Amino acid sequence: MKTLSNLFENNRLWAQKIIAAEPNFFQRLAAQQSPRYLWIGCSDSRVPANEIVGLMPGELFVHRNVANVVVHTDLNCLSVLQYAVDVLSVKHVIVCGHYGCGGVKAALDDGKLGLIDNWLRHVQDVRDEHRGRLDPTDPARSLDRLCELNVVEQALHVCETTVIRDAWARGQSVSVHSWIYRLEDGRLRDLRFTVESTTQVAETHRAAIAAIACG
Ligand code: CO
């Protein structure tokens with residue numbers, strides 16, 4: 001099992017199944033990718049981007065990290081965003097978090113997990129900013145709320161990047177979305193921070209945060 005032959009066998013069957021449905025599928029994809037969507041999600045193995053939105057290879061450009069964080073100095077995330085918007089011309093950037101996120105839970109609880117605590121400090125900034133919206137006597141509810149707040153705040157960060165601001169300034173059509181996925185039922189929910197121009201950002205953000213507080 002050192003060579004993980006089971007995974008190679010899975011791969012062979014997967015490719016075979018796709019070719020059975022469309023013989024030229026891989027040749028077509030190899031020639032060009034033109035995804036309409038960029039997905040920024042959590043690395044969690046239970047939230048596989050393509051599968052949960054029913055998209056095939058070639059249809060979704062993906063960046064994942066622990067707790068779907070968008071930081072203005074993260075060259076990895078920014079490069080993905082810039083390439084997706086400027087070169088691939090994606091029409092939608094989806095920031096998708098999930099309930100029960102281990103990263104968000106560690107941030108909420110001041111967990112001590114090692115190096116990653118520094119990364120999760122960004123989620124703790126969200127926690128501290130919205131302290132008044134979290135109920136310390138109800139940890140489960142607080143975790144749900146922080147998972148939601150984190151998505152909206154990270155989607156806001158996407159809107160604040162030079163990549164998106166410049167795209168909007170030159171009239172390029174690209175929308176930013178904030179979604180959350182529930183592990184227990186496999187369903188997505190729109191957190192209604194959906195923005196397609198600079199002028200919509202502040203008011204849409206305010207309304208989305210207010211809606212979460214009441215939820
Ligand atoms: Co997670």
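This is a short tour of a predicted model, stop by stop, with something to select at each one.

Before you start clicking, note that residues are numbered from 1 along each chain as its sequence is written, and that side-chain values use heavy atoms, with hydrogens and water left out. Because the model is predicted, local features need pLDDT of at least 70 and side-chain atom pairs count only at pLDDT 80 or more, while totals for chains, interfaces and linings use all residues.

**Stop 1: a helix**

Select residues 139–160, and you have helix α7. Helices here are DSSP runs of H or I with at least four residues, strands are runs of E with at least two, and both are numbered from the N terminus. With 22 residues, α7 reaches 31 Å from first C-alpha to last, close to the 32 Å expected; that expected span is 1.5 Å times one less than the number of residues. (Buried means under 20% relative accessible area, exposed means over 50%, and partly exposed is in between, using a 1.4 Å probe and protein chains only.)

**Stop 2: charged pairs**

Side chains of opposite charge can pair when their charged atoms come close. A salt bridge is a side-chain nitrogen of Lys or Arg within 4 Å of a carboxyl oxygen of Asp or Glu, and the whole structure has 13 of them.

Pick D109 and K105, whose side chains meet in one at 2.7 Å, N to O. D109 is partly exposed at 44%, and K105 is partly exposed too, at 42%.

Next, select R127 and D110, another salt bridge at 3.4 Å, N to O. This pair links distant parts of the chain: R127 sits in helix α6 (residues 116–129) and D110 in the loop between α5 (102–108) and α6, 17 residues apart.

Then widen the selection to D110, R121, D125, R127, D128 and R131, which are linked in a network of salt bridges.

**Stop 3**

Most residues other than glycine have a negative phi. Select L4, in the segment before α1 (5–21): L4 has a positive phi of about 55° although it is not a glycine. Finish at S89, in the loop between α4 (75–87) and β3 (92–98). S89 also has a positive phi of about 55°, and S89 is partly exposed at 36%.
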